[in-house]
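Work through these exercises with the model open beside you. Try each task before reading its solution.

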Amino acid sequence: MIWECCSECPQDRHLLRGNVLVAGSSNSGDILRELASEVGFEVDEEGASVIDHLNYDVNDLGKHTLIVADSANLIDSPVITGPRNVPPLLYQGTGIVADKENPLVLQILTAESSAYSYVPDEPIKE
């Protein structure tokens, strides 16, 4: 995390600005969820994973949570992701919804329309 103090700061209160990289998992707690919501993300419920019954890897253990993501679903920014001519990526983890109205939020990798997020060990009741 890199912080810098701006020149307009009053002496008794520093205004900090910088970039923050936060990593989480399907077991992320309430503090991380609250932090994410403050900056334009909604982290899925605890224990939930991205599931895709059409785009899962052959090494998946039957829950269809080891997702094969096409590199076309990467953000078009070589500075961030490198060249787009990379093989498919594997993703296993929780779902995140990004605020598309927030210009500071970048969606690095998105899922196919067949993907959804749910707790894989719970039966679907709806």
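**Exercise 1.** Is K63 buried, exposed or partly exposed?

Solution. This is a predicted model: local features need pLDDT of at least 70, side-chain atom pairs count only at pLDDT 80 or more, and totals for chains, interfaces and linings use all residues. Residues are numbered from 1 along each chain as its sequence is written, and side-chain values use heavy atoms, without hydrogens and water. Start with the classes: buried means under 20% relative accessible area, exposed over 50%, partly exposed in between (1.4 Å probe, protein chains only). K63 has a relative accessible area of 40%. K63 is therefore partly exposed.

**Exercise 2.** Find the partner of K63 in a salt bridge.

Solution. Look for a side-chain nitrogen of Lys or Arg within 4 Å of a carboxyl oxygen of Asp or Glu. The side chain of D121 meets that of K63, at 2.8 Å from N to O. D121 lies in the segment after β8 and K63 in the loop between β4 (49–51) and β5, so the pair ties together parts 58 residues apart in sequence. D121 is exposed, at 60% relative accessibility. The structure holds one salt bridge.

**Exercise 3.** Name the order of elements from the N terminus on.

Solution. Helices (H or I, at least four residues) and strands (E, at least two) are DSSP runs, numbered from the N terminus. The protein has two helices and eight strands. Their order is β-β-α-β-β-β-α-β-β-β.

**Exercise 4.** Examine H64 in the loop between β4 and β5.

Solution. Check the backbone. Phi of H64 is near 60 degrees, a positive value in a residue other than glycine. Most residues other than glycine have a negative phi. H64 counts as buried, at 17% relative accessibility. Buried residues make up 25% of the 126 residues in the protein.

**Exercise 5.** Describe the lining of the largest pocket.

Solution. A pocket is an open set of points on a 1 Å grid over the protein atoms alone, where a 1.4 Å probe fits, with protein on both sides within 12 Å along at least five of seven lines; lining residues have an atom within 4 Å of a point. Count the lining: 46 residues, with F41, I96, A98, L106 and I108 nearest the centre. Sort them next: 28 are nonpolar (Ala, Val, Leu, Ile, Met, Phe, Trp, Tyr, Cys and Pro), 14 polar (the others, Gly among them) and four charged (Asp, Glu, Lys and Arg). Finally, trace the elements. Those supplying at least two lining residues each include α1 (30–38) and β3 (41–43).
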